[in-house]
Amino acid sequence: MKKTSLTVFVLLMLISILVTACGGATTPAPTAEPVGEAPAATEAPAAATEAPAVAASNLPAEITLAAVHDLSGATALYGTAIQKGIDLAAKQINEQKFLGEGITLKIIYEDAAGDPKQAIAAYEKLIANPDVAVILGPTLSNEAKSADPLAQEAGMPVIASSNTASGITEIGDFIFRTSLPESAVIPNTIKVTKAALGLTKVAVMYGNDDAFTQSGYDVFKAALEAEGIEILTEETFAKGDTDFSAQLTKIQSLAPDAIVVSALAEEAANIMVQARTLGIPETIRFIGGNGFNSPKLAEIAGTAAEGAISGAAWNVASTVPASATFVEAFNAEYGANPDQFATQAYTAAWVAALAIKNADSVDHAAIRDALTQITDFESPLGMFSFDANRDPIHEPVVLAVTNGAFDVFKP
Amino acid sequence: MFWQQVVNAIWLGAVYSLFALGYTLIFGVLGILNLAHPSLYMWGAFIGLVCVTTLHLPIWLALPVAMLGSGILGILLDRIAFKPLRARHAPHLATLISSIGASIVLVNIAQGIFGAEVSRFPFDIFPVHVFNFGGVSVTLLQLTILGISLVIMVALRWLIMGTRQGQAMRAVAYNTVTAARLGIPVDQIIMQTFFIAGALAGAAGVLLGLAFNSISPFMGGPMNLKGLTVIVLGGLGNIEGAVIGGFILAFSEVMSVAYLSSDLRDAVSFVLLLIILLVRPNGLLGHSSTKRA
Amino acid sequence: MNVFSEFWATYSSVVQFALINMLLGISIYFTLYTGLLSLANAGFMGIGAYVSAVLTIHAGTPLPVSLLAGALSAALIGWLLGLPVLRLREIYLAIATLGFGEIVRITAVNFDKFSGLNLLGGAQGLSGIPKLTTPGALLFVLIILSIFLVQFHKSRAGRALAAIRRDESVAATMGIDVYQYKMLAFVLGAFVAGLAGGFSAHLTRFVGPTDFSFNAAVNILAFAVLGGTLHWSGAMVGAAILTVLPEALRFMKEYRGVVNGVIMVLVIIYLPHGLINPKWFQRVFSKRRAQ
C-alpha cells in the first residue's frame, strides 16, 4: 500500500508536469510568454495614452507619482529617509506651481517591506492604476531585480534613487536611476587615497550576505587590483552582526596601511569603535563607499570615526549651490540634515516632474523619452544628466570625517 | 593574537549567555519557545535609552528601570498571548505562533514610536577605559558587563535551586496539575517567571545596547537565531546549559574567524550544532525525553 | 475593463504568491501531520529555486524539467538530512532543521567564491530568470496534490503517519516502522517545498540567499499552524490568508504590521487548533446522521 501510494504520487506528479508542459505549448511559444499577462501589461499604458489624447497637449489637474519603498521592516531606515526627500520635492513642486497653474503632484506610497515579493505586488497594483505616471523606487537592488521587469514590460517609467548594484538599468529602457552606482564612486576613491596616503597593502572587510555590501566589495577589489595595492586579507561578516573583534584582531596582526570596509553605516560605525578599542592606531584609516556616507557614522562611532574616508555621490558638505538651498529647506522641514538617500530621492522626484513638464503629457512613453533628454539639470547632486544607460552622470566626491562630520577629503 | 581572540570569545560568550538566559528560563518552566523574547530584549534597550536620554537618569538607574519595564511587558505578553492558550489547553505549536504574532506587534509598535533608525546610548554615559595586559585589550565596559552577567547567572541559579520560589517554579515545570494540588499558586508562579525572563531580556538589551551601539526595533532578529542555537546546544530549559552553549558558540565563531575563514564562521557553528545534537539529542546538559503535558 | 480583469491586473501576482505559499503550507503539513516539527522547508525551497533557476538559465530546460529537477534535488538532500536528524525530537529537531536552512543560505552566499564559478551570484542572487510560472500550472499542481492527499490519507502510509503523531511508541508496537515513515513524510515535504521554490524563482525572476532565511522558515510554519494541522486543507487556507492579509491591509499604512500581528494572535487564541478543524466536519456529519 505504501508503495502504491508512492507510485500514485510519482505518477500524478509526472502527469501534472506533462500537462504543465502542454499548457505551456498551447500558448504560442515560450518566447511569447510575457504576452500571457498582456491584459495587464498593455492595457494600462493604452488607457493612459487615450487620456492625454483627449486633453491634447495638456496635463491633467492631478498627476500621480507612485513610490515603492521600504517603509517597514529592517530596511525602513532607508525607505523613510527616501520618503522625506520625495515629500519635500513634491511640496516644493506644488508650492512653486512648477507643473503649471492648478496642476498638483500627488505621491502615493506603497510599502515593499524589504521583500521582493511585496515589491512585485506593489508594482502590479500601480501598473494597473491608470493614474500613475512614474514609479519611484524600489529601495533595494534585490527588489528592483524582481519588480522592475514588470514595469519594463508594461512600459512604465521607473526612477530608482537608492539602487547602486550593477545590472539595474540593464533591465530595460524604462528603468532610470539617480543613484550613482558603486562602480562610478569607488575607483575614484581608491585612486585619490592611494596618491594621498601612499597605500601599498590594505585589509578588506565586507558583509558577504548583503547585495549592497557584496557589490561594493567586488568594485573595491577590482579597483585595488587596478591600482596595484596588495590585499592582505578579506574578512567577512553577516548582516546584523554587532561584534567584529575577531576579524579586527586578525587584521591588526597583519598591520595593513588602511582598512577598506564595504558595510552599511551602522555596521561600519561599530567596526571603527571596536578597532580603536583593540588598539588599531588612528594612522590606519578606514576607507569605504556609499555605505559610509551617512550622518549616522559619526553619530554612532564618535571619535572613532575621525579620519574615515568615504567615496560618495553627495554629502551635506557639498559646495554645489543647489545643495545648500536643499539642505536648508530640508532642515526647515524636518529639523535634521538630509542623508544621501534623501537627496537622491529628492532629485528623482524633481527629475520625474521635469520630465512630465517637458513631455507635457502623462503618457508613459513620452515621459520616458523626456527623461532621456534631461541634461544639466541643476540638482543638489550637481549638474545632473542621464547617460546612454540611464545611469546618472555627475562628479563623485571623496570625503573624510573631520571633527565629527564628513567634509571634503584634503590630503 | 591568540590570547586576544580568547578574550574576544569569552566576552562574546558572556553576551550570548546573557541573551539566552531568559529564553531558556521560560522554556524550562513552561515548555514554551517564546519567539517574542528578542522583542522584549529590544524593548529593554529602548526603555533604558529613554531613561537616559529624556529622563536623564544615570545608567546604573536606567538598568533596573529597564528590567522592571521589560519584566512588566513580559507579564503582559503572558496575559495576552499565552494565558488564554493555556486555559484552552492549546497545542504547543499554537503558543509558538502566538509568540510570533506578539513579536510582530512589539517590533511594529517600537518602529512606530522610535522610528527605524539605529541609535546608541550617549557617549559620556559610561567611562571609556581600555586596559592593556601584554598586548591584550579589554575595556572597562566589557569587564563590567561580564561581571554583571556572572552575577545574574549565579543569582538565577540560586533563585531556582536554593529558594522556595525556585522550588515552586521547578514543581510547575515538572507538572502544573500536581503543583496545583500541592497548593502552589501556579498562575502566580508563571507570572513571576515571565517577569523574571522579561527582566533578564531587558538587562541584556541595555547591556548589549551599551556594548554594541546598535539599538533599533530590529536588533532582536539577528540575536534570535544565536540565542536559539545557544539554548539548544546547552539543553533546553537548563541555566548552566545556556551558559555553556553561549561560550561554545562564541569560541566556535571567534576561532573559525581567526584560524579558518570568516566566510565559514556561521557554517562551522551550525555544523557543530548538528554534530552535538546527533551525539547528544537533548543538548549537552539536557535530560532525555522531558515530555510535557 | 470589467471587474474581474481589473482585479486580475492588480492582484494576479498576489494570487500566484498565495498559490505558491499553499504549496509550502502542504510541504510542512506532511511533517506536522506526522508530529515532526521540522523547519527545513525554507531550505528545501531554496534548493528547488536555485537548481531549477540554474537549469533554466544555463541549460535552457523547459519549466517542467527544471521544476522536477529542483524538487528531486530537494528530496534527495532531504533524505540525506533526514538520515541523522530524524532521531531528534520536537524543538531539537526544529532547531537542527533551522540550522540546515542556514547552511543552505551560507552555501548560496559562498558557493561562487569557493568554487570559482559564476553560478549562484552570491549575495547578489540570481536574476534574469525567465518568468515561466503561470497560474494555471500552479493550480494544476495544487489540484493534483489535493487528490494525492485525499488518497494518501486513506492509504496505509497515511494512517501510519497519523499513528506516529498520536503516539510514537504505540505506533512502533503496532509494527509500524516509525523511522521509515518519518522519512517518507520528510522527503515528501522536501519534494513539495522544492517544487514551490522552483515556481517562486520563475515568478519573481530572482533568487537570493535571504529569501530562505529564518523568517521564511517561521512564516511557512505559521501558514500551517494558523490554518490548522489536523487537515490538509488547513495549511492551504492558512497560506492563502497570511499571503493576502498584508496586501489587504495596505490601506492601513503604518499600522499594517501591528494589525497583521494582532490578527495572528487573535486567530490562534480563539482557534488554537487552527482555522480548519476536522472535528467541525465530523460534528456536521454526525448531526446529519443523527437527523
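Which residues does Ile135(A) touch, not counting residues up to four places away in sequence? Ile135(A) touches Ala66(A), Val68(A), Tyr123(A), Leu126(A), Ile127(A), Met156(A), Pro157(A), Val158(A) and Ile159(A), where a contact means heavy atoms within 4.5 Å.

A word on how to read this. This is a predicted model, in which local features need pLDDT of at least 70 and side-chain atom pairs count only at pLDDT 80 or more, while totals for chains, interfaces and linings use all residues. Residues are numbered from 1 along each chain as its sequence is written, chains are lettered from A and ligands numbered from 1 in the order in which they are written, and side-chain values use heavy atoms, with hydrogens and water left out.

Ile135(A) also belongs to the largest nonpolar core, which has 232 residues. Together with Leu25(B) and Phe44(C), Ile135(A) touches the most other members. A nonpolar core here is a set of buried Ala, Val, Leu, Ile, Met, Phe, Trp, Tyr and Cys residues joined through side-chain atoms within 4.5 Å, and buried means under 20% relative accessible area with a 1.4 Å probe, counting protein chains only. A second, separate core of 46 residues includes Ile86(A), Leu105(A), Ala348(A) and Val362(A).

Now for chain A as a whole:

| Property of chain A | Value |
|---|---|
| Helices and strands | 13 helices and 15 strands |
| Buried share | 59% of 411 residues |

Helices (H or I, at least four residues) and strands (E, at least two) are DSSP runs numbered from the N terminus, and the areas come from the Shrake-Rupley method with a 1.4 Å probe.

Let us turn to a sheet. Five strands of chain A form an open sheet in the order E2-E1-E3-E4-E5, with parallel pairing; two strands pair if DSSP finds at least two bridges between them. Strands E2 (104–111) and E5 (175–177) of chain A are at the edges, each with a single partner strand, so one side of each is left without a neighbour in the sheet. From one strand to the next, the twist averages 25 degrees. Strands E3 (residues 132–136) and E4 (residues 158–160) of chain A run parallel and are joined by two bridges; Leu136(A) has Ile159(A) in E4(A) as its bridge partner. Helix H13 (residues 364–372) of chain A packs on the sheet and touches E3, E4 and E5 of chain A. The direction of H13 makes about 50 degrees with that of E3(A), using axes fitted to C-alpha atoms and angles from 0 to 180 degrees between N-to-C directions.

Terms used
Buried < 20%, exposed > 50% of the residue type's maximum accessible area, 1.4 Å probe, protein only.
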